[in-house]
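Okay, thanks for coming, everyone. Let me put the model up and talk you through a few spots in it.

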Amino acid sequence: MTRRPSYAWMSAALMIWSGVAGSGADAQQSGEADSTLTLIDAVALAFETHPAIGAAAAELEYAYTELGRAKAEWLPQLNARASLTQHQEPMIAYPLHELDLQTRPIFDRTLIQGGVDLGWMAFDGGGRRARIKGTRARAERAAVGQDGAAMQILAQVAHAYLAVLASAEVLAALDEHIAALSAERVRVVQLLEQGQAAEVERLRVDAAVAQADADRIATVAGLDASERSLARMLGTDPAATRSRRLMPVRLAAGAVEERTVLLDRLDTGNTQILQARRAAESAQWAKRATSATWWPRLDGFGSYGLWTIPDGEVVLEWQVGVRVSYPLFTGGARSRSVAGAAAKVDAAQEQLALAELEGREQLDRALTQVREQSARSEAVATAVRHLAEVTRIERLALDAGVGTQTDFLRAEADLHRARAALVQAEYGAILALVELARTTGDLTIDWLHRTLETSP
């Protein structure tokens with residue numbers, strides 16, 4: 001199998017990172033406060049720095065080196081040897097091929113020998129081919145693992161990035177809420193000074209402002225934690241991931257595909273299923289390699305040797321041959337090895353069935369979440385429009401002296417909660433789609449470009 005990069009879009013992401021969206025790392029180095037960081041920037045930076053990506057790449061590199069080592073079994077083995085031996089008593093110095101009574105063999109206590117040996121396994125019952133196939137399946141599993149690691153990091157970056165944006169928008173909505181409450185307090189204080197309002201109205205609005213201030217403190221703390229979490233994931237300074245530098249995103253127009261279509265893509269794209277499938281293939285080939293030990297082994301060999309002694313002539317000689325070997329008795333080790341390999345095949349098949357079952361469960365859960373968040377976003381958006389109109393009317397009624405402060409504060413509080421819920425629902429819909437794409441194996445940089453739009 002020709003080696004290829006597993007996740008082609010990772011290279012595209014790095015090209016985007018270095019060529020088009022260079023604001024992330026460059027801004028970190030230059031410290032420019034007005035530079036921005038898009039979601040694509042963040043993902044590309046995570047691919048550059050996150051240790052999970054490096055670990056997956058190293059695992060893939062190791063798998064391919066193992067595949068290369070397995071393929072080497074098809075080639076003959078050539079070895080060189082040399083020795084210098086000192087004997088207690090003189091030994092025969094050169095190969096003796098016949099007895100010649102007229103010429104005495106040469107003996108010496110110091111013997112020098114060397115040569116090159118050539119060997120090639122001609123037949124082993126298909127074990128060599130099975131070992132290579134099994135190693136190739138493990139390399140493909142490592143490649144799928146790299147894909148899965150990249151998708152996992154992409155999903156995590158998206159979650160962290162959108163968490164910052166959501167917290168920032170909730171904070172903005174809370175500031176609008178506090179501004180409305182502060183305006184109401186100014187009105188109450190003025191009326192109180194004129195003797196046209198009761199003290200309880202000031203206490204009521206002060207309580208609402210205090211509660212909003214407490215909510216703001218918690219929201220600011222949550223925003224700071226989200227920014228730092230994103231910075232850790234990207235391996236950068238928290239100043240580079242402040243909410244003011246992130247570009248908001250929204251869903252592009254498009255419908256979610258039918259479940260039957262998603263199930264087809266789940267079977268061919270889900271990394272857990274693909275890894276389990278490659279593991280099952282590897283186990284099958286390992287069983288075949290073990291079963292091949294029941295066949296005899298045929299080896300071809302040849303050598304070119306050198307014999308000499310100090311101050312003696314050098315004798316060179318070659319030899320070639322074939323060798324057949326077969327273990328007649330192994331104490332049951334061979335049969336137990338085959339049985340163990342068969343048990344591993346059964347285990348791998350069960351793991352594959354479990355991965356398929358879990359994949360379908362994840363798909364149904366993600367699909368339900370997408371539909372729920374989309375419907376919730378539309379419903380909450382309608383509620384926000386209505387509550388904004390209710391709040392406006394209550395404000396006008398209060399200014400006209402025909403409304404009550406209680407009604408206005410209740411309407412204002414309801415509007416704030418609805419705005420916060422809308423933010424969570426909108427970003428929840430995006431995250432649900434991200435999880436659905438990760439489950440089906442579609443979560444790529446190209447998917448982000450097609451599914452999300454950057455808002456100015």
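So, Asp124: leaving aside neighbours within four places in sequence, it is in contact with Arg131, Ala292 and Pro296, where contact means heavy atoms within 4.5 Å. Quick housekeeping: this is a predicted model, so local features need pLDDT of at least 70 and side-chain atom pairs pLDDT 80 or more, while totals for chains, interfaces and linings use all residues. Residues are numbered from 1 along each chain as its sequence is written, and side-chain values use heavy atoms, with hydrogens and water left out.

Back to Asp124, which sits in the loop between strand 2 (107-123) and helix 5 (127-193); helices (H or I, at least four residues) and strands (E, at least two) are DSSP runs, numbered from the N terminus. Asp124 counts as buried because its relative accessibility is 10%; buried is under 20% relative accessible area, exposed over 50%, partly exposed in between, with a 1.4 Å probe and protein chains only. What does its side chain reach? The backbone nitrogen of Gly127 at 3.2 Å, and that of Arg128 at 2.8 Å.

Now helix 5 itself. It has 67 residues, so at 1.5 Å a residue it should span 99 Å, and its end C-alpha atoms are 97 Å apart, which agrees. That expected span is 1.5 Å times one less than the number of residues. Just after helix 5, Gly195 takes a positive phi of about 75 degrees.

Last stop, Ala70, in helix 4 (residues 51-71). At 8% relative accessibility, Ala70 is buried too. Not counting residues up to four places away in sequence, Ala70 touches Ile132 and Thr135.

How values were computed: Polar contact = N/O pair within 3.5 Å; in protein donor to acceptor, adjacent residues only side chain to side chain.
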